[in-house]
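Have the sequence and the 3D view open, and click on each residue as it comes up.

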Amino acid sequence: MSYKKTHGVPALFSFFIPGLGQLVKGHVSKAVGIWAALIFSAFMSVIGIGLLMGIVIWVAQIYDAYNS
């Protein structure tokens, strides 16, 4: 019996809810770090850089959920 790794489902979960793909894969500390980074970027949006940071974090965590 062979074990087939599923990459797309955690990435899809992370697309809609950031950090959920990492939780599905069992990477709790990564999910908490993503949430903390997104909260920080929300506070940074007051000075204008937070939106860019949020987009970069969102794309990076989808990529991480797919590849890790």
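What follows goes from the overall layout to a few individual residues and their partners.

## The big picture

First things first: this is a predicted model. The protein has four helices and zero strands, so if you trace the elements from the N terminus, you read α-α-α-α. Its C-alpha atoms fill a box of roughly 55 × 20 × 15 Å along the principal axes.

How much of the protein is buried? Buried residues make up 22% of the 68 residues. The protein exposes about 4,800 Å², and carbon and sulfur atoms supply 77% of that area. Now take the contacts between residues at least 6 apart in sequence: 45% of them join residues at least 24 apart.

## Glutamine 22, tucked away

Find glutamine 22 in helix 2, which covers residues 20–25. Is glutamine 22 buried or exposed? Its relative accessibility is 0%, and buried means anything under 20%, so glutamine 22 counts as buried.

What does glutamine 22 touch, once you skip residues up to four places away in sequence? The list is Ser14, His27, Lys30, Ala31, Ile34, Gln61, Asp64 and Ala65. With one of these, aspartate 64, glutamine 22 also has a side-chain to side-chain polar contact of 3.1 Å.

## Aspartate 64 and its salt bridge

Stay on aspartate 64 for a moment. The structure holds one salt bridge, and aspartate 64 makes it with the side chain of lysine 30, at 3.2 Å from N to O. Aspartate 64 sits in helix 4 and lysine 30 in helix 3, so this pair ties together parts that are 34 residues apart in sequence.

How accessible are the two partners? Aspartate 64 has a relative accessibility of 22%, so it counts as partly exposed. Lysine 30 is partly exposed too, with a relative accessible area of 33%.

## Three aromatic rings

Next, look for the rings. Phe15, Phe16 and Trp58 form one aromatic cluster, and the count comes to two aromatic pairs. In the pair of phenylalanine 15 and phenylalanine 16, the ring centres are 5.0 Å apart and the planes stand at 90°, so the pair is edge-to-face. Phenylalanine 15 also pairs with tryptophan 58: here the centres are 5.2 Å apart and the planes are at 45°, so the pair is tilted. Why does this second pair tie together separate parts of the chain? Phenylalanine 15 lies in helix 1 (residues 8–16) and tryptophan 58 in helix 4, so the pair links parts that are 43 residues apart in sequence.

Phenylalanine 16, at 60%, counts as exposed. Phenylalanine 15 counts as partly exposed at 41%, and tryptophan 58 counts as partly exposed at 29%.

## Serine 41 in helix 3

Now go to serine 41, which is in helix 3. At 5% relative accessibility, serine 41 counts as buried. Where does its side chain reach? It comes to the backbone oxygen of leucine 38, at 2.9 Å. Leaving aside neighbours within four places in sequence, serine 41 is in contact with Gly50, Met53, Gly54 and Ile57.

Which residues make the nonpolar surface patch? Val46, Ile47, Ile49, Leu52 and Val56 do, and the patch covers about 530 Å². One of them, isoleucine 49, is in the loop between helix 3 (28–44) and helix 4 (50–67). With a relative accessibility of 41%, isoleucine 49 counts as partly exposed.

## From one end of the sequence to the other

Last stop: valine 9, found in helix 1. Valine 9 is partly exposed, with a relative accessible area of 39%.

Note on methods: Residues are numbered from 1 along each chain as its sequence is written. This is a predicted model: local features need pLDDT of at least 70, side-chain atom pairs count only at pLDDT 80 or more; totals for chains, interfaces and linings use all residues. Side-chain values use heavy atoms; hydrogens and water are left out. Patches are made of residues with over 30% relative accessible area and no salt bridge: like charges are joined within 9 Å, nonpolar side chains (Val, Leu, Ile, Met, Phe, Trp, Tyr) within 5 Å. Accessible areas come from the Shrake-Rupley method with a 1.4 Å probe; for residues, only the protein chains shown count as cover. A salt bridge is a side-chain nitrogen of Lys or Arg within 4 Å of a carboxyl oxygen of Asp or Glu. Helices (H or I, at least four residues) and strands (E, at least two) are DSSP runs, numbered from the N terminus. Buried means under 20% relative accessible area, exposed over 50%, partly exposed in between (1.4 Å probe, protein chains only). A polar contact is a pair of N or O atoms within 3.5 Å; within protein, one must be able to donate a hydrogen and the other to accept it, and residues adjacent in sequence count only if both atoms are side-chain atoms. Contact means heavy atoms within 4.5 Å. Rings of Phe, Tyr and Trp (its six-membered ring) pair if their centres lie within 6.5 Å; planes under 30 degrees apart count as stacked, over 60 as edge-to-face and the rest as tilted.
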